[in-house]
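Here is a brief report on one structure. Please keep the sequence and the 3D view at hand while reading.

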Amino acid sequence: MKHVEFFEELNKEDVAIAGGKGANLGELTQAGIPVPPGFVITSRTYQQFIKETGIFDDIMDILDATDVNNNPELQKASKDIKKIINGTEIPDDIKILIIEAYNALCHRIGKENALVAVRSSATAEDLPEASFAGQQETYLNVQGEDDLINYVRKCWASLFEARAIFYREENNFEHSKVYIAVVVQEMVEAEKAGVMFTVHPSTGEEKILIEAAWGLGEAVVSGTVTPDTIWVDKANGQVLDYQVSEKNIMFQKDPDTGRTVKIPVPDDLKNKKVLNTEEIAQLTELGKRIHEHYDFPQDTEWAIESGNVFMVQSRPVTTLDKMAGEAKAGDGSVERVIITKGLGASPGITSGKVKIIKNTDELDKIQKGDILTTVMTTPDMVPAMKRANGIITDEGGVTCHAAIISRELGIPCVVGTGDATKILKENSVVSLDGNKGLIYEGRIEKEAPKKEEATAVPTVVQQSILTVTEVKVNVSMPEAAKKASETGADGVGLLRTEHMMLTTGIHPKKFIVEGKEDELIKILVENILKVADAFYPKPVWYRTLDAPTDEFKSLKGGEDEPYEHNPMLGWRGIRRELDEPEILKTEFKAIKKLHNEGYNNIGIMLPLVQHSDELKKAKEIAREVGLEPQKDIEFGIMVETPAAAMIIEDFIEEGLDFVSFGTNDLTQYTLAIDRNNENVADLYTEKHPAIFKLIERVINECNKAGVKTSICGQAGSMPSIVEKLVELGITSISANTDAVATVREVVARVEKKLLLKAARKIIQE
Ligand code: PEP
Ligand code: MG
């Protein structure tokens with residue numbers, strides 16, 4: 001294996017030495033596709049560097065001593081290793097080879113000190129680079145020998161980014177067997193760039209999808225801008241649809257420093273089409289050629305400089321529905337055999353060993369990276385869920401415990417399979433697709449594009465999108481508050497209490513009966529504080545305990561919970577809290593304590609109300625602890641019963657600051673479909689017109705009365721529903737952490753559409 005290979009010498013079989021990126025750039029070059037010239041510093045060079053300099057053992061020692069589940073430890077290990085690599089001189093013999101190749105490249109393109117892009121291209125011995133996609137760095141506009149050497153070393157160091165270390169541990173890859181190649185390529189100073197799929201990326205239809213934005217391609221690849229979207233009919237080259245987006249940001253070379261900078265798009269280009277007909281035709285042609293060459297659908301990146309189109313990356317599309325069982329040998333993807341199906345409850349694709357949990361004594365079986373498979377998760381399982389790569393359940397719908405917690409933890413989850421615990425074999429390796437609800441045999445390498453509830457562009461720039469309709473986030477586990485706040489959400493539209501109570505392992509009533517109310521207050525204060533603090537001064541709506549009897553029975557002191565045939569229609573929510581006011585009072589005392597400490601950002605939200613008397617009584621109990629509703633503290637209800645929606649005027653008359661649609665329950669009660677019953681899960685849909693009718697009347701009445709409206713059910717994470725709610729004039733949307741970015745974009749787009757419509761109407765008049 002050579003230390004350096006020019007693209008002309010590489011092909012797609014060279015993944016082990018050049019990484020996926022390098023190997024495919026070689027393949028494209030050899031196929032006569034326009035690729036900016038360049039070379040690959042092979043994985044051998046990296047291996048020689050870490051061995052020859054003696055740092056290999058130091059790195060392994062640090063990794064051996066690190067618990068990757070302890071985030072501060074992981075971050076420190078990453079920092080220390082990167083420091084070692086970046087602080088180690090590259091031996092002269094290696095340096096010379098890199099510099100010679102650079103000079104040869106400069107000579108070839110006729111530029112002294114040519115600007116190059118330096119891209120990491122990681123690979124394991126026998127795995128395609130796709131497994132490590134997005135984990136290592138790319139550096140643009142690198143110039144001169146010293147800079148090049150410096151950035152090559154940075155690419156090597158990026159093999160030890162914290163997320164990359166964690167990923168390898170999670171997926172049981174040996175650190176010592178994962179290598180990194182580096183692509184060095186003439187820089188294309190793109191005026192426009194983007195990505196292109198040579199088929200519809202999720203259905204496999206014969207359509208080309210192009211996404212395009214101004215400046216360098218990083219803006220599109222990193223999700224910093226919403227690009228223009230163009231669909232082209234592959235058969236006749238006809239443009240089927242051109243969606244122009246507002247493109248606010250672009251990446252470009254700074255003429256003074258030579259560095260890549262992020263700048264605002266000039267006003268006249270923001271809403272202008274990026275691609276003209278000629279460019280779309282050229283890209284389509286290239287897309288078809290590349291697809292034909294590989295004899296397989298490709299996911300590519302392109303750039304246009306001075307009217308010339310270049311391809312800068314190509315890899316197989318491994319995410320097609322229709323490809324189940326059709327994958328071809330040698331393309332890096334695996335044959336997919338579907339073992340069972342359920343409901344996609346938390347997005348993402350993952351693989352791991354099946355561990356079937358029949359009862360909580362078996363939770364120790366779950367090791368990092370396993371697939372926790374059980375009839376239905378319980379709160380005791382949360383620590384094990386955190387270790388798991390994915391969750392599969394027999395029972396449940398998309399708003400069940402497993403679904404809610406997985407989404408918050410960011411773990412792919414499929415619920416309601418009916419039979420997973422019976423047909424999956426203990427210790428067999430499976431993959432699960434949390435978007436489509438499918439369980440496959442064996443390991444799948446690549447993340448699928450996410451659908452309705454996906455996180456599209458969770459970036460800092462995305463967070464700066466301003467919307468009039470607030471976009472908030474739901475929190476069920478206080479320990480996930482920080483991650484939730486990093487979405488930049490405008491507050492917490494639902495802070496669930498159940499997890500806080502259930503993790504004590506003791507029934508809340510037991511604390512009170514045994515005279516330990518203070519202990520319970522302390523637990524609540526500590527938990528609520530984590531959230532109120534992470535979001536301060538943004539509002540956090542604390543939802544009072546909504547304890548279903550079946551879930552609380554397993555707690556110590558829960559033996560007396562009544563047995564109910566249908567707990568969903570039973571003793572839960574505010575009706576139960578008014579029967580047991582001491583628990584509600586304890587919750588209010590905890591909030592009062594925080595309020596006294598200056599946390600005036602906490603509001604109170606009552607679950608499952610069906611009559612305005614319930615609101616009245618709860619307000620009285622709040623007053624008893626010294627909290628004056630609507631004065632000291634925001635006070636509101638969830639609209640989860642059709643009853644509450646039908647008589648919302650009564651609640652308004654009683655007095656409240658806000659309502660929030662709990663569509664998980666509103667759907668089950670409107671459609672008479674138990675949300676946790678997989679037998680009727682196919683009928684469960686928040687898009688039923690009856691639900692919209694209820695929502696619409698509540699929004700109208702509340703808007704008239706100046707009462708805020710929000711949504712915190714799962715429907716608030718679904719773009720098509722969010723669109724309608726914004727059109728109806730909802731005040732805020734509260735989504736799952738993983739959906740905040742997408743929801744924010746949807747809200748911004750709808751608001752603009754509405755403004756445009758209004759403006760047009762005025763002009764016409
Ligand atoms: C709802 O019912 O929509 C809701 C958000 O509450 P939960 O899912 O906790 O019942
Ligand atoms: Mg509910």
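## Backbone, metal site and charges

Asn 113 sits in the loop between helix 5 (92-109) and strand 3 (115-124). The model is a predicted one. Phi of Asn 113 is near 45°, a positive value in a residue other than glycine. At 40% relative accessibility, Asn 113 counts as partly exposed.

Asn 141 also has a positive phi, of about 50°, although it is not a glycine. Asn 141 belongs to strand 4 (residues 138-143). Its relative accessible area is 1%, so Asn 141 is buried.

The backbone has another feature to check at Pro 537. A cis peptide bond joins Tyr 536 and Pro 537, with omega about 5°. Pro 537 is placed in the loop between helix 18 (517-535) and strand 24 (540-543). Such cases stand out because most residues other than glycine have a negative phi, and most peptide bonds are trans.

Next comes the metal. Which residues are the protein donors of the magnesium ion (ligand 2)? They are Glu 640, through OE, and Asp 665, through OD. These donors lie 1.9 to 2.0 Å from the ion. The pair links distant parts of the chain, 25 residues apart. Glu 640 is in the loop between strand 26 (635-639) and helix 23 (642-646). Asp 665 is in helix 25 (residues 663-671). Glu 640 is buried, with a relative accessible area of 3%. Asp 665 is buried too, with a relative accessible area of 2%.

Now the salt bridges. Side chains of opposite charge can pair when their charged atoms come close. The structure holds 39 salt bridges. The table lists some of them.

| Acidic residue | Basic residue | N to O distance |
| Glu 426 | Lys 365 | 3.0 Å |
| Asp 433 | Lys 436 | 3.0 Å |
| Glu 649 | Arg 697 | 2.5 Å |

Take the salt bridge of Glu 426 with Lys 365. Glu 426 lies in the loop between helix 13 (420-423) and strand 20 (429-433), and Lys 365 in the loop between strand 16 (349-357) and strand 17 (371-374), so the pair ties together parts that are 61 residues apart in sequence. Glu 426 is partly exposed, at 34% relative accessibility. Lys 365 is partly exposed as well, at 30%.

Asp 433, the partner of Lys 436, has 0% relative accessibility and so counts as buried.

Glu 649 meets Arg 697 in a salt bridge. Glu 649 lies in helix 24 (residues 648-654) and Arg 697 in helix 26 (residues 689-705), so this pair ties together parts that are 48 residues apart in sequence. Both ends are partly exposed: Glu 649 has a relative accessible area of 29%, and Arg 697 has 24%. Elsewhere, salt bridges that share partners join Lys 509, Glu 561, Arg 576 and Glu 580 into one network.

Where is the negative surface patch? It is formed by Asp 57, Asp 58, Asp 61 and Asp 64. Asp 64 lies in helix 3 (residues 55-64). With a relative accessible area of 65%, Asp 64 is exposed.

Last, a serine. Ser 476 is in the loop between strand 22 (470-475) and helix 15 (481-485). Ser 476 is buried, with a relative accessible area of 2%. Ser 476 and Val 531 are 55 residues apart in sequence, and their C-alpha atoms are 10.0 Å apart in space.

Definitions and conventions:
Residues are numbered from 1 along each chain as its sequence is written. Chains are lettered from A and ligands numbered from 1 in the order in which they are written. This is a predicted model: local features need pLDDT of at least 70, side-chain atom pairs count only at pLDDT 80 or more; totals for chains, interfaces and linings use all residues. Side-chain values use heavy atoms; hydrogens and water are left out. Patches are made of residues with over 30% relative accessible area and no salt bridge: like charges are joined within 9 Å, nonpolar side chains (Val, Leu, Ile, Met, Phe, Trp, Tyr) within 5 Å. Accessible areas come from the Shrake-Rupley method with a 1.4 Å probe; for residues, only the protein chains shown count as cover. A salt bridge is a side-chain nitrogen of Lys or Arg within 4 Å of a carboxyl oxygen of Asp or Glu. Lys and Arg count as positive and Asp and Glu as negative; His and the chain ends are not counted. The place of a charge is taken as NZ of Lys, CZ of Arg, CG of Asp or CD of Glu. Helices (H or I, at least four residues) and strands (E, at least two) are DSSP runs, numbered from the N terminus. Buried means under 20% relative accessible area, exposed over 50%, partly exposed in between (1.4 Å probe, protein chains only). Donors are N, O and S atoms within 2.8 Å of the metal (3.2 Å for Na, K and Ca); water is not among the atoms, so sites may look incomplete.
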